[in-house]
Amino acid sequence: MTVIKRQTVMAKNGCTIQAAFFRPDSDPRAAVLIVPAMGVNQGYYAPLATWLAAQGYLVATFDYAGTGLSNNGDIRKLDLDIVDWARFDCDAMINATSALAPSMPLYWLGHSLGGQIPGFVADLGRIAKIITIASGSGYWIENAPGLKWKVWWLWYVVAPLATRLFGYFPGKRLRKVGDLPRGVMMQWRRWCLNPAYAVGAEGPAARESFAAVITPMTSLSFTDDELMSARNTASLHGFYEQAPRTMKRISPQDIGTTRIGHFGFFNARFEGALWRAHLLPELS
């Protein structure tokens, strides 16, 4: 039986992170930190977290500061960006998860944005392996063909105007991504307009930080991803120059279905075809 413990985790920058820990009914064999996509609340990952706990893993989910359950006040007053999420939120979650499974391997399972930011995490040496799900660079020119005109409109018109007008990005009103702190949205915009994405927008130090990552990494990407193209995926993982990388690209036909997309991996209907067949072998 899975036991779910909800906990407030304090980050070093003073932000409070709302997290959930899914515990197996015996001593965990390892721990998994699920690092979310932009604008995706932690509840979306609960089915996978529950299943992994049933397989013997301690699993942590959380919301970045200013989003989901971690949006504890006036989002307009939050002075933070994506790099802060990586350096403070993710660092705090690594500490909290490790404390509940000391001496056990800790795996980073990053969905989309969650696979883009490990290069900014200072304490990445505590991670046994990084597994990215539907993660790519986000550079808009390399986005999936059907998305390009939409992101052009988002980055050049909607994002700068709406963020300036409201003091944050009102994604819920606009039905785009979700509500995001101003600094997060504007940094993400800079990244998506740069051919080298985050390592280009943030300068030489960021490029060196990503290149210095030596943690083994596996990418699970999907041919029908409506957001990330194969080019996006290859570009992002190419920034991790020294990390041993395994790239697995899966089509719906490979697993006997018609649709996976950018978000489908976390649907419980893929328990056998994706979770057991493709994820579980990576957690060893």
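Which strand does Leu 180 lie in? Leu 180 belongs to strand S8, which covers residues 179-181. Keep in mind as you look around that this is a predicted model.

**Leu 180 and its surroundings**

Let's stay with Leu 180 for a moment. Its relative accessibility is 0%, and buried means under 20%, so Leu 180 counts as buried. Who surrounds this residue? Setting aside neighbours within four places in sequence, Leu 180 is in contact with Met 38, Thr 67, Ile 75, Trp 85, Tyr 168, Phe 169, Met 185 and Trp 188.

The largest nonpolar core has 63 residues, and Trp 85, Trp 108 and Ile 117 are the ones that touch the most other members. Helix H2 (residues 82-100) gives this core its largest share, nine residues. Not counting residues up to four places away in sequence, Trp 85 touches Met 38, Tyr 64, Ala 65, Thr 67, Leu 80, Cys 90, Leu 113, Leu 180, Pro 181 and Val 184. There is also a second, separate core of 33 residues, with Val 40, Leu 220, Phe 266 and Leu 274 among its members.

| Helix | Residues | Residues in the contact |
|---|---|---|
| H1 | 46-54 | Pro 47, Leu 48, Trp 51 and Leu 52 |
| H10 | 271-279 | Glu 271, Trp 275, Arg 276 and Leu 279 |

How are the two helices placed? H1 and H10 pack at an angle of about 55 degrees, and their axes are 12 Å apart. Because of that angle, H1 is oblique to H10. Their crossing is right-handed. Sorted by class, the contact of H1 with H10 has six nonpolar residues, two charged residues and no polar ones.

Which residues of H1 are buried? They are Leu 48, Ala 49, Trp 51, Leu 52 and Ala 53. The cover over the buried residues of H1 includes H10 together with strands S2 (16-23), S3 (30-35), S4 (57-62) and S5 (106-111).

Note on methods:
Residues numbered from 1 in each chain as written. Predicted model: local features only at pLDDT ≥ 70, side-chain atom pairs only at ≥ 80, totals over all residues. Heavy atoms only, no water. Axes fitted to C-alpha atoms, helices over the stretch in contact; angles between N-to-C directions. Helix = DSSP H or I, 4+ residues; strand = E, 2+ residues; numbered from the N terminus. Parallel < 35°, antiparallel > 145°, perpendicular 65-115°, else oblique. Left-handed = near helix turned anticlockwise from the far one by under 90°. Contact = heavy atoms within 4.5 Å. Nonpolar A, V, L, I, M, F, W, Y, C, P; charged D, E, K, R; others polar. Core = buried A, V, L, I, M, F, W, Y, C linked by side-chain atoms within 4.5 Å. Buried < 20%, exposed > 50% of the residue type's maximum accessible area, 1.4 Å probe, protein only.
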